[in-house]
Amino acid sequence: MYSEKVMDHFENPRNVGEIKDADAVGQVGNAKCGDIMKMYMKIEDGVIVDCKFKTFGCGAAIATSSMATELVKGKTVEEARKLTNAAVMEALDGLPPAKVHCSVLAEEAIEAALADYYERQGLEFTPKKTCDGCCGSCEH
């Protein structure tokens, strides 16, 4: 049902915790399943030098949070804004259809943290559309 990578990121999640002096914090939730993700980022010169998460949810939610933090660390803010749920799923070697919404939530948590960063910097933030409702597993 779950790939080895999903199980590894669930059993050994990377970057769990919070960053006390974070430059960006974003929290999102999914009302249908009850998952909640909170992302923290430390950003220096436009580069995400650290990213941590706290997630309340299922194994797939934890795995996607873990993978998303790995995918954005070391990236510029602009590069991180391009992260998609499809990229998170691909990096985890896939998710069951009923768990695709977890990857959407991970993308949205990164986006929420970056929106916070833009606001703190006094910059205009234009949200991207994160889900087209294709799988029916989330609230979009």
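## A look around the helices and loops

Asp93 sits in the loop that links α4 (85-91) to α5. Its phi is near 60°, a positive value in a residue other than glycine. Helices here are DSSP runs of H or I with at least four residues, strands are runs of E with at least two, and both are numbered from the N terminus.

Before going further, some ground rules. This is a predicted model, where local features need pLDDT of at least 70 and side-chain atom pairs count only at pLDDT 80 or more, while totals for chains, interfaces and linings use all residues. Residues are numbered from 1 along each chain as its sequence is written, and side-chain values use heavy atoms, with hydrogens and water left out.

### How α2 meets its neighbours

Let's start with helix α2 (residues 59-72) and helix α5 (residues 100-121). They pack at an angle of about 40°, and their axes are 9 Å apart. An axis is a line fitted to C-alpha atoms, for helices over the stretch in contact, and angles run from 0 to 180 degrees between N-to-C directions. So α2 is oblique to α5. The naming goes like this: angles under 35 degrees are roughly parallel, over 145 roughly antiparallel, 65 to 115 roughly perpendicular, and the rest oblique. The crossing of α2 and α5 is right-handed, meaning that the near helix is turned clockwise from the far one by less than a right angle.

Who does the touching? On the α2 side you'll find Ala60, Ala61, Thr64, Ser65, Ala68 and Val72, and on the α5 side Cys102, Ser103, Ala106 and Ile110. Contact means heavy atoms within 4.5 Å. Sorted by class, the α2 and α5 contact has seven nonpolar, three polar and no charged residues. For that sorting, Ala, Val, Leu, Ile, Met, Phe, Trp, Tyr, Cys and Pro count as nonpolar, Asp, Glu, Lys and Arg as charged, and the others, Gly among them, as polar.

Now for helix α1 (residues 4-11), whose axis comes within 8 Å of that of α2, crossing at roughly 90°. That puts α1 roughly perpendicular to α2. Val6, His9 and Phe10 of α1 meet Gly59, Ile62, Ala63, Ser66, Met67 and Glu70 of α2. This contact of α1 with α2 divides into five nonpolar, three polar and one charged residue.

Lys5 also belongs to helix α1. The C-alpha atoms of Lys5 and Met67 are separated by 9.3 Å, with the two residues 62 apart along the chain.

### Two cysteines, no bond

How many disulfides does the rule give? The count comes to zero, a disulfide being a pair of cysteine sulfur atoms within 2.5 Å. For Cys58, the nearest cysteine sulfur is that of Cys102, 3.7 Å away. Cys102 is in no disulfide either, its nearest cysteine sulfur being that of Cys58.

### Buried or exposed?

The table puts some residues side by side. Buried means under 20% relative accessible area, exposed means over 50%, and partly exposed is in between (1.4 Å probe, protein chains only).

| Residue | Relative accessible area | Class |
|---|---|---|
| Cys58 | 22% | partly exposed |
| Cys102 | 0% | buried |
| Asn15 | 13% | buried |
| Gly17 | 15% | buried |
| Ile43 | 8% | buried |
| Lys5 | 37% | partly exposed |
| Gly74 | 57% | exposed |

### Loops and a strand

The loop between α1 and β1 (24-29) holds Asn15, which has a positive phi of about 65° although it is not a glycine. Gly17 is found in the loop between α1 and β1 too. Apart from residues up to four places away in sequence, Gly17 touches Tyr40, Lys52, Phe53 and Lys54. Gly17 and Lys52 are 35 residues apart along the chain, yet their C-alpha atoms are separated by 5.6 Å.

Gly74 lies in the loop between α2 and α3 (77-81). With residues up to four places away in sequence not counted, Gly74 touches Val47 and Ile48.

Finally, Ile43 has its place in strand β2 (residues 36-44). Which residues is Ile43 in contact with, leaving aside its neighbours within four places in sequence? They are Asp23, Ala24, Ile48, Val49, Val77 and Tyr117. From Ile43 to Gly74 is 31 residues in sequence and 9.4 Å in space, C-alpha to C-alpha.
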